[in-house]
Amino acid sequence: MIGPTGAVRVMVATKPVDFRKGAEGLAALVRETMKADPFDGAIYVFRAKRADRIKLVYWDGAGVCLFAKRLEDGEFRWPKIEDGTMRLSATQFSALLEGLDWKRVHTKETPAPALPG
């Protein structure tokens, strides 16, 4: 996939947005409704009223990027529609982009190292 790599913060707008908006319009929504900085390196995820469409906006260090995807068959799994945002892990984000149920994905926790003595 072309796009952000490495450890990133993923923020999901839980309320559908007007999908006619482009990168600048979505960046404005990040500032106004999510109260965040669209240039902070996080990925901001938006949904349309139709659950088969997704748009991401993020800063890659050189400019604002816009990624859009429409599933040919099926729907993206979305959180309950309400005002606000939620954070996804990198694993959950990957599942969301593939159209899988990200709520069923759990990140394996690394056990803390044993203390000497």
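Guide: Rings of Phe, Tyr and Trp, for Trp the six-membered ring, count as a pair if their centres lie within 6.5 Å, and planes over 60 degrees apart make the pair edge-to-face. The model here is a predicted one.

Visitor: How many aromatic pairs does that rule give?

Guide: The count comes to two aromatic pairs. One of them joins Phe39 and Trp59, with ring centres 5.3 Å apart and planes at 90°, so this pair is edge-to-face. The pair links distant parts of the chain, as Phe39 is in the loop between H1 and E2 and Trp59 is in strand E3, 20 residues apart.

Visitor: Let's step back. What is the order of elements along the protein chain?

Guide: From the N terminus on, the order is β-α-β-β-β-β-α, which comprises two helices and five strands. The protein chain has 117 residues, of which 36% count as buried. Of the contacts between residues at least 6 apart in sequence, 54% join residues at least 24 apart.

Visitor: Which residues of helix H2 are buried?

Guide: H2 covers residues 90-97, and its buried residues are Gln92, Phe93, Ala95, Leu96 and Leu97.

Visitor: And what do they pack against?

Guide: The buried residues of H2 pack against strands E1 (10-13), E2 (43-47), E3 (53-59), E4 (64-70) and E5 (85-88). After H2 comes Gly99, with a positive phi near 85°.

Visitor: Pick out Leu96. Why does Leu96 count as buried?

Guide: Leu96, in helix H2, counts as buried because its relative accessibility is 1%, and the class takes values under 20%.

Visitor: What does Leu96 touch?

Guide: Leaving out residues up to four places away in sequence, Leu96 touches Val45, Ile54, Phe76, Arg77, Trp78, Leu88 and Trp102. Trp78 is 18 residues from Leu96 along the chain, and their C-alpha atoms are separated by 8.2 Å.

Visitor: Pockets, then. How much space lies in the largest pocket?

Guide: About 160 Å³.

Visitor: What lines the largest pocket?

Guide: The lining is Ala13, Thr14, Lys15, Pro16, Val17, Leu29, Thr33, Met34, Phe46, Asp83, Gly84 and Thr85. These lining residues divide into six nonpolar, four polar and two charged. Among them is Leu29, one of the buried residues of H1.

Key: Residues are numbered from 1 along each chain as its sequence is written. This is a predicted model: local features need pLDDT of at least 70, side-chain atom pairs count only at pLDDT 80 or more; totals for chains, interfaces and linings use all residues. Side-chain values use heavy atoms; hydrogens and water are left out. Buried means under 20% relative accessible area, exposed over 50%, partly exposed in between (1.4 Å probe, protein chains only). Helices (H or I, at least four residues) and strands (E, at least two) are DSSP runs, numbered from the N terminus. Contact means heavy atoms within 4.5 Å. On a 1 Å grid over the protein atoms alone, a cavity is a set of points where a 1.4 Å probe fits but cannot get out, and a pocket is an open set with protein on both sides within 12 Å along at least five of seven lines; lining residues have an atom within 4 Å of a point. Grid points are joined across faces, edges and corners, and a volume is the space filled by probe spheres set on the points. Ala, Val, Leu, Ile, Met, Phe, Trp, Tyr, Cys and Pro count as nonpolar, Asp, Glu, Lys and Arg as charged, and the others, Gly among them, as polar. Rings of Phe, Tyr and Trp (its six-membered ring) pair if their centres lie within 6.5 Å; planes under 30 degrees apart count as stacked, over 60 as edge-to-face and the rest as tilted.
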